[in-house]
Amino acid sequence: MDKYQEQPHLLDHHLEWMMNSLLDIVRDNGSPPPLAHLAFKFLYIITKVRGYKLFLPLFPHEVGDLQPVLDMLVDQNPKDSETWETRYMLLLWLSMICLIPFDLARFDGNIISEEGHARMPTMDRILKIAKCYLVVSDKARDAAAVLVSKFIVRPDVRQKRMADFLDWTLSMLSKSSFQTMEGTVVMNGMLQALAQLFKHGKREDCLPYAATVLECLDNCKLSQSNQMVLRKLGMKLVQRLGLTFVKPKVAKWRYQRGCRSLAANLQAQGSVVQNQIITVPANEADDEEEYDIPAEIENVVEQLLVGLKDKDTIVRWSAAKGIGRISGRLPKELADDVIGSLLDCFSFQETDNAWHGGCLALAELGRRGLLLPSRISDVVPVILKALTYDEKRGACSVGSNVRDAACYVCWAFARAYDPAELIPFINQISSALVIAAIFDRDVNCRRAASVSCYIPVYGTFPHGIEILTAADYFAVGNRVNCYLTISVYVAGFPEYTQPMIDHLVNMKINHWDSVIRELSTKALHNLTPRAPEYMANVVLPRLLPLSVGTDLHTRHGAILACAEITHALCKLAEENNRYKCKIILTINFPFMSGLLKNKMRILRSLSLVSSAARQHIKLVTQYVSELQNTEEMIRCGFSRALGALPRFLLKGRLQQVLEGLKKVTLISPADVSFAESRRDALIAIAKVCQTVGVKGDGSEEEYVCKDNITQIYATLFTAVTDYTTDSRGDVGGWVREAAMTSLMEVTLLLVQNEAELINANICKQIMCWLAQQSAEKIDKFRAHAGSVFLTLLHFDHPPVPHIPHREELERIFPRSEKETLNWNAASEAFPRITQLLGLPTYQYYVLLGLSVSVGGLTETTVRKYSAQSLFDYMKKIQNDSSAMESFCETLLKVFEDNLRNDRVSVPLLTMLDQMLANGCFDIFTMQENHPFSVKLFTLCKEEIKRSKDIRKLRSSIGVFCGLIQFQGDMREKVLFQLFLLLCHPFPVIRKTTASQVYEMLITYSDVVDPAIMDEVMTILSDTNWEAELPVVREKRNCLCDLMKVPKPQLVSKVKYGNGLPRGGVKKHSSFPGTTGTHSI
């Protein structure tokens, strides 16, 4: 049934046979209860799709159906949550059967049963069932309300039970509270029943009780409830009570549009149609019957007006419909008072809810002809404001529902009024609707405005057919298309050009959403050729003061707009040499980087200004001086600004600009966290190089040449090593990413112009740094580095010279996989990048990158695949002693170069621990005192010397335990170092050391004499290594004695001439070549 949700009427021809088939199962006495319930469940699904109102008349409603349905309902358990569909459908069926035109007393017969007890009359049985299900919490409650509305209004039931039922309902309402769940359920059922009853009951039957019900409803104070459903039902009941108070007659004073035939409208001329229409409302109903309006109507209208401001749309919509229905039964003067009160909703002191509810109510009044033409002049200005209503709330705004409802008002007015009534306002309305259809932020509002334009097109809407062809329902779905394409077409009609430009300047360039601001300024650029004089003489003078205002959004939008409009005017000047730019160069530039970047787009458009020559030097000097500002954003802005300068401004001052940008890229203690300014400076360097061009033997003040290319590359290479971190994370990654991009852009620029400027050393450094970045752990930066690496490797126009190992690289990274290789996926990237370990030029840098990935902090897919790829490579070279020697030498070189550099050394220790555990160095373990193990041991000791880094110390313990597998003196040195760590000041390190030594002795059982193994293992496992140091030291010394390892010794305090000890206790070891580094 789901596929029929959007067009349920397609089911209409099949409903009857589906219902009969399912009811046959229900009526069959032999059907088991589960099967009958399944049939009712299917009936409910059909009802849900098509709606119970259309489904209801199809139920069989013969006299013979009454008792079986009643009996089935009596057998149901109201608390059974599994069979609510059955109860729901039975109640709907019973509500249809109740319409049989016979007095229910006829079905009672002899109400004295055979046992002598009186049976309950049928009327009371039905009423009891209805009351029972009005207080349940499932869907059956809704069906019970429908049953009440059909049953109570029967003549026989109305006379005998209506008053009692209303008393019961009101008492239940009074006793219940919406602050409890049970009370909410009860109030929901009572309100539904009353609303249905006052809807279907005759006015003369309900009028005697209406005032009492209204009073009880007032006492319930539903407007204070948090339950939206209760407030909606309360609003529904209020309006139906109001309709009960006034006579059910159509107001003769309402506006009536005489000709509703489309064929007649198309055949007749506009003047003829107007003559047919205008004669109708002129004939006022002077003979209208006078009658008193009950005082309760004022209370009803007041509640409905308050309901228009409710926080939930469904409540506001119900209140709006109530305003429309009741106003249609009021005298003209009272209805006009209602409209006056309604217009008070459109105050900027009111919330967006009031504006939305007011628009819905105006649409209802207009649609019903209750808003007379004399009031249109009051309403149109309000609607025009509503079409652009947008109030900022925090990081977003509210008002899209108001604009959508305002479009609905325009749609309703166009259908309700003769075009002649709207002619004085048609230009305003059409402009506002076209602007909403093109420039509204929300797609539903743009589409609503586009649809609203369809109605008034014929004969009144200026260029309506052409505009609607371009801005139809589907075309306005794409916001970019609206701003940049459709707007240009519509602005070709003079009626809309200036309003569209004014709207963008007044409403959109200061919008809270930066995307809208940027699109608006691009739209202004595209609209400039439609009104260049207006842009130059009116718009720009308005924008310039805004560009230095206090509001950040306005300032940003104004500067963008100035840039776009100036750029467009300059393009026009190039085409016809008519317009001259008069923008002053010495604008007081705001401090935000985005503003400065876009301000420079103005300056790029000023290349036609011949009188600015003297200001060029001053301008560039000012920008370069601001690069050392103490605020990061100012540095960012002026860096971007320098990158956007045109060539004529850079000519003769290139070296000054490059030096200034270079200083921004350098890290000093004062600006270590200024990563964004360093990033923007690197981007600017590449942009400046592209702007000035390349000339090998040219001047360094005018071109990228042999004299400055080394300086440019040195700046970029330095930036690739930026690993700054702060509370935002790896902010140095932004700098590295920009450096890699700039390296690629500058290199390709040189290759395409004068490739001889790139020497072998520069190319080697580029590819090695990129290889390192391609092996690191952060997916985004690894992918960017890999992309740049392959771009340079496979560039053909012409090829990049001096790439080391080009043939091997092209074999590892085939050209066919340049686009398909997913560098973001660790499973694809690391098996490729580890192959570079076999290339001597790249080995050091790839290993440096892999160290960070393999020894990462968490067990991620990056760590998993990088480690596996490294181990696979190590297995491949196990039998190649020269390759192993080269690898180990490089590995130690990486360690030595990054000693005490925690970013590398800590994960490197973790990687070494894993490599030792995986037997990557088994080839060396048989050789006594192999130089690799000795050097590695020395470096590890030096790395943890005086360290308080828990992670580093833990990683070093694993490395020391792994080194135990090497033969010779190494074992004794390792054991001595581990025993030092057993008495480390940090309890967690002592405990970790004991645990790993225990595992080490199990793995390498030949380390300890089997005779003492059990005792050693017992000490390691049973000792509380987190106890006080004297206790732990005793156990440690016991281990030293057992394993014949020298115990650390305390030396005497050395006293100096003043008699005071210097340096405190010196840590000393009697073991040759070993220095204690921890508490002993």
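Residues 579-613 of this predicted model have a pLDDT under 50, pLDDT being the predictor's confidence in each residue, from 0 to 100. The model gives this stretch 83 contacts beyond four places in sequence, a contact meaning heavy atoms within 4.5 Å. Residues 1053-1079 also have a pLDDT below 50. That stretch has 48 contacts beyond near neighbours in sequence. Where pLDDT is low, predicted coordinates should not be read in detail. The protein averages a pLDDT of 86, and 88% of the residues score at least 70.

Residues are numbered from 1 along each chain as its sequence is written.

The largest nonpolar core has 182 residues. Such a core is a set of buried Ala, Val, Leu, Ile, Met, Phe, Trp, Tyr and Cys residues joined through side-chain atoms within 4.5 Å. Buried means under 20% relative accessible area, exposed over 50%, partly exposed in between (1.4 Å probe, protein chains only). Phe59 and Phe151 touch the most other members. Leaving aside residues up to four places away in sequence, Phe59 touches Met19, Leu23, Met89, Leu92, Trp93 and Met96. Another core, of 156 residues, lies apart and includes Leu654, Val688, Phe813 and Val997.

Helix α51 covers residues 1010-1022; helices are DSSP runs (H or I, at least four residues), numbered from the N terminus. Ile1012, Met1013, Val1016, Met1017, Ile1019 and Leu1020 are buried in α51. On its other side, Ala1011, Asp1014 and Asp1022 are exposed. The cover over the buried residues includes α50 (987-1003) and α52 (1029-1043).

Methods:
This is a predicted model: local features need pLDDT of at least 70, side-chain atom pairs count only at pLDDT 80 or more; totals for chains, interfaces and linings use all residues. Side-chain values use heavy atoms; hydrogens and water are left out. Helices (H or I, at least four residues) and strands (E, at least two) are DSSP runs, numbered from the N terminus. The expected span of a helix is 1.5 Å times one less than its number of residues.
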